[in-house]
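Open the model in a viewer and keep the selection tool at hand. The stops below go one selection at a time, each with what is to be found there.

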Amino acid sequence: MNVNGKRDYYEILGVDNGVGDADIKKAYRHLAMKYHPDRNPDDSGAEEMFKEASEAYQVLSDGEKRARYDRFGHEGLGGMGSQGFSNFDDIFSSFGDIFGDFFGGGRGGGRSRRGGPQRGRDMAYQMEMTLEEAALGVDRELEFERTSECAYCGGTGAKSADSVRQCSACRGSGQVAFRQGPITYSTTCSTCGGAGSEIAEHCQECRGEGRRTEKHKVKIKIPPGIDEGGRLRLREEGEGGLKGGPAGDLFVVVSLLPHDYFHRDGSDVLTQLSVTFPQAALGAQFEVRTLYGSSRLKVPRGVQGGDLLRLRGEGFPARRGKGDHLVQILVETPKKLSSKQEKLFRELESLERGGVNKSGWGGKGFAGIFLHAWRWFSRVLRHLGANIPEDGQAASRG
Ligand SMILES: [Zn+2]
Ligand SMILES: [Zn+2]
């Protein structure tokens, strides 16, 4: 539950946070079918469920709104119109395409007759981004080719107004009648496709197509925290419509470029840091490059190779707050030693040889491993009944 008394959108649709668009659509369809007003007449409970699911779908099916919701919850959608639907007509006009498949398009508005205004097709644009851009958000101008109505002929495909003439087959009505027995049927004219007109001379700019390909630019604002495969929908930035119809939508799909320093893991970011033996043993301070610039990292005394140190809140923006930056420690073994280093290492080595060994192997190097193996082997043999002397003797013999 949220402070506004609103339920979580993922919970409403019964899906996990990370699911893809197809699953969100599927979940919504399932609920929409179940609580559809046609199936539940005069059931205000079903009506509420239907509206609630529709609101959840409206947000989660829109890449930009979803990213905001993931990051800020319901509050983050304040200016983006998630105030809910007031009536069913709103819902049907918003998701006509979904209901079209399921309810025979009966209530989904905007389906055009042939010859009338036509909505342009949707387009997809694959946009590559760096991990830093994904973390901080970015403004871009996209340039791509799209088709739109031919400006020379206004989408008619005719060279001029004079080259459009009445269809001779249907005499401009768009319908042709034929008789079968006592009944007269009428059907769409096949010559003009129901338009009632035909073109004597085609527009040369578009070769009669009514459409042309042109460069199109669009500005886009990517919100912080977007992940691989994240989608944003830009209304009416896709292919142009015909005869006054609206343009289709442009779907921008985000693809994150591999990074030679940062590695993303959900909302966390991982990097590695090499430290020397003395730094690992004594502890040290480092300035670590982060998604947002740099941060001071305290490597504690006695850090081990493979340890993960955490810089809280330095990861990617997430549903609540930010993820962390995890730094994996690599302890560097020097490949070349100066004579002074060599001397110091030897001194250190002899010092350690005299000390207490705490490792589980009971010794060092080859001798230690041999001793460990012998102990294990003799234990097995004793267990089997062999007369093997006790540990200390075995060790002195080895
Ligand atoms: Zn005709
Ligand atoms: Zn044209």
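## Stop 1: T290

Select T290 and the residues around it: leaving aside neighbours within four places in sequence, T290 is in contact with S295, L311, E314 and H325. The model is a predicted one. T290 belongs to strand β12, which covers residues 284-290.

## Stop 2: the whole chain, coloured by pLDDT

Zoom out and colour by confidence. The chain averages a pLDDT of 80, and 78% of the residues score at least 70. Over residues 99-114 the pLDDT is below 50, and this stretch has 21 contacts in the model beyond near neighbours in sequence. Another stretch to select is residues 390-398, where pLDDT stays under 50 and the model has 8 contacts beyond four places in sequence. Which element has the lowest mean pLDDT, and which the highest? The lowest is helix α11 (residues 391-397), with a mean of 40, and the highest is strand β14 (residues 308-311), with 97.

Switch to a cartoon for the secondary structure, which comes to 11 helices and 15 strands. Of the 398 residues of the chain, 23% count as buried. Among contacts between residues at least 6 apart in sequence, 58% join residues at least 24 apart.

## Stop 3: helices α2 and α3

Select residues 21-34 for helix α2 and residues 44-60 for helix α3; the two pack at an angle of about 165 degrees, with their axes 10 Å apart. That angle makes α2 roughly antiparallel to α3, because angles over 145 degrees count as such. The crossing of α2 and α3 is left-handed.

Show side chains for the contact. From α2, select I24, Y28, L31 and A32; from α3, select M49, F50, A53, Y57 and L60. How many residues of this contact are nonpolar, polar or charged? The contact of α2 with α3 has 9 nonpolar residues, no polar and no charged.

## Stop 4: helix α4

Move on to residues 63-72, helix α4, where 9 of the 10 residues are buried. Those buried residues are G63, E64, K65, R66, A67, R68, Y69, D70 and R71. To see what covers the buried residues of α4, display α1 (9-13), α3 and β8 (231-234), which are among the covering elements. Just after α4, pick G73: its phi is positive, at about 75 degrees.

## Stop 5: the loop between β3 and β4

Select R171, in the loop between β3 (164-166) and β4 (175-180). R171 is not a glycine, but has a positive phi of about 55 degrees. Most residues other than glycine have a negative phi. R171 counts as exposed because it has 12 C-beta neighbours inside 10 Å.

Then select G172, also in the loop between β3 and β4. G172 has 15 C-beta neighbours inside 10 Å, so it counts as partly exposed. Not counting residues up to four places away in sequence, G172 touches Q166, C167, G196 and S197. For a distance to display, take G172 and E198: they are 26 residues apart in sequence and 9.1 Å apart in space, C-alpha to C-alpha.

## Stop 6

Go to E236, in the loop between β8 and β9 (250-256). The phi of E236 is near 55 degrees, a positive value in a residue other than glycine. E236 has 14 other C-beta atoms within 10 Å, so it is partly exposed.

End at L250, in strand β9. Is L250 buried or exposed? With 23 C-beta neighbours inside 10 Å, L250 counts as buried. Its contacts, leaving aside neighbours within four places in sequence, are M123, Y125, V218, L234, E237 and G238.

How values were computed: Residues are numbered from 1 along each chain as its sequence is written. Chains are lettered from A and ligands numbered from 1 in the order in which they are written. pLDDT is the predictor's confidence in each residue, from 0 to 100. Helices (H or I, at least four residues) and strands (E, at least two) are DSSP runs, numbered from the N terminus. Two residues are in contact if their C-beta atoms, placed from the backbone, lie within 7 Å. Axes are lines fitted to C-alpha atoms, for helices over the stretch in contact, and angles run from 0 to 180 degrees between N-to-C directions. Angles under 35 degrees count as roughly parallel, over 145 as roughly antiparallel, 65 to 115 as roughly perpendicular and the rest as oblique. A crossing is left-handed if the near helix is turned anticlockwise from the far one by less than a right angle, and right-handed if clockwise. Ala, Val, Leu, Ile, Met, Phe, Trp, Tyr, Cys and Pro count as nonpolar, Asp, Glu, Lys and Arg as charged, and the others, Gly among them, as polar. A residue is buried if 20 or more other C-beta atoms lie within 10 Å of its own, exposed if 12 or fewer, and partly exposed in between; C-beta atoms are placed from the backbone.
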